[in-house]
Amino acid sequence: MSPIVYFIISYDIVDVELFNNYGPKLIPLLMKYNAEVLASDTEAIVFEGSARRMNAIIKFPSKDAAMSCYNDLEYQPIKKIRLDSTKNCTMVLVKQLSLQ
């Protein structure tokens, strides 16, 4: 069984009006891949380093589901909204910790 994975995403929003179109279009696609937004915050508390304005964690049931969602043709115009409305994006995919 493939481990659960998480996209950890941080970026600065530079065009709020355009960015406001991103979430409503993204949620149905995430549902298609059984993904769950665990956190989404524009007021994160910085303990170390430099925070971006938006920080989010999205849980996927598997690496294949996460990769398929990211590469889905339906996501490409949605992704363009994010790319055109943000800068300084960091997006990483990490596996859930297993202590077994």
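This is a short tour of the structure above, one selection at a time.

**Before you start**

The model is predicted, so to speak of local features a pLDDT of at least 70 is needed, side-chain atom pairs count only at pLDDT 80 or more, and totals for chains, interfaces and linings use all residues. Residues are numbered from 1 along each chain as its sequence is written, and side-chain values use heavy atoms, with hydrogens and water left out.

**Stop 1: the core**

Select Tyr-11, Tyr-22, Leu-30, Ile-58 and Phe-60. These are the residues with the most contacts inside the largest nonpolar core, which has 21 residues. A nonpolar core here is a set of buried Ala, Val, Leu, Ile, Met, Phe, Trp, Tyr and Cys residues joined through side-chain atoms within 4.5 Å. Buried means under 20% relative accessible area, exposed means over 50%, and partly exposed lies in between (1.4 Å probe, protein chains only).

Which elements give two or more residues to this core? Colour strand 1 (5–13), helix 2 (22–32), strand 3 (54–60), helix 3 and helix 4 to see them. Strand 1 gives the most, with 5 residues. Helices (H or I, at least four residues) and strands (E, at least two) are DSSP runs, numbered from the N terminus. In soluble globular proteins, nonpolar side chains tend to be buried together.

A contact means heavy atoms within 4.5 Å.

**Stop 2**

Next, select Ile-8, Leu-38, Ile-57, Val-92 and Val-94. Together they make a nonpolar surface patch of about 340 Å². Patches are made of residues with over 30% relative accessible area and no salt bridge; like charges are joined within 9 Å, and nonpolar side chains (Val, Leu, Ile, Met, Phe, Trp, Tyr) within 5 Å. The areas come from the Shrake-Rupley method with a 1.4 Å probe, and for residues only the protein chains shown count as cover.

Zoom in on Leu-38, which sits in strand 2 (residues 36–41). Leu-38 counts as partly exposed because its relative accessibility is 43%.

**Stop 2: a network of charges**

Select Lys-32, Asp-72 and Glu-74, which are linked in a network of salt bridges. A salt bridge is a side-chain nitrogen of Lys or Arg within 4 Å of a carboxyl oxygen of Asp or Glu. The whole structure has 4 of them.

Look at Lys-32 with Asp-72 to begin with: their closest N and O atoms are 2.9 Å apart. This pair links distant parts of the chain, with Lys-32 in helix 2 and Asp-72 in the loop between helix 3 and helix 4, 40 residues apart. Then turn to Glu-74, whose side chain meets that of Lys-32 at 3.7 Å, N to O. Glu-74 and Lys-32 are 42 residues apart, and Glu-74 lies in the loop between helix 3 and helix 4.

Is Asp-72 buried or exposed? Asp-72 counts as buried because its relative accessibility is 10%. Lys-32, at 48%, is partly exposed, and so is Glu-74, at 40%. Apart from its neighbours within four places in sequence, Asp-72 is in contact with Leu-29, Lys-32 and Tyr-33.

**Stop 4**

Select Lys-80 and Asp-84. Their salt bridge has its closest N and O atoms 2.6 Å apart. Both residues lie in helix 4, 4 residues apart, about one turn of the helix. Lys-80 is partly exposed at 49%, and Asp-84 is partly exposed at 43%.

**Stop 3: two cysteines**

How many disulfides does the whole structure have? The search finds 0, a disulfide being a pair of cysteine sulfur atoms within 2.5 Å. The sulfur of Cys-89 is 14 Å from the closest cysteine sulfur, in Cys-69, so the two are too far apart for a bond. Cys-69 is buried at 4%, whereas Cys-89 is partly exposed at 35%.

**Stop 4: two positive phi angles**

Asn-34 has a positive phi of about 55 degrees although it is not a glycine. Asn-34 lies in the loop between helix 2 and strand 2 and is exposed, at 60%. Asn-88 has a phi near 60 degrees, also positive in a residue other than glycine. Asn-88 lies in strand 4 (residues 86–95) and is partly exposed, at 37%.
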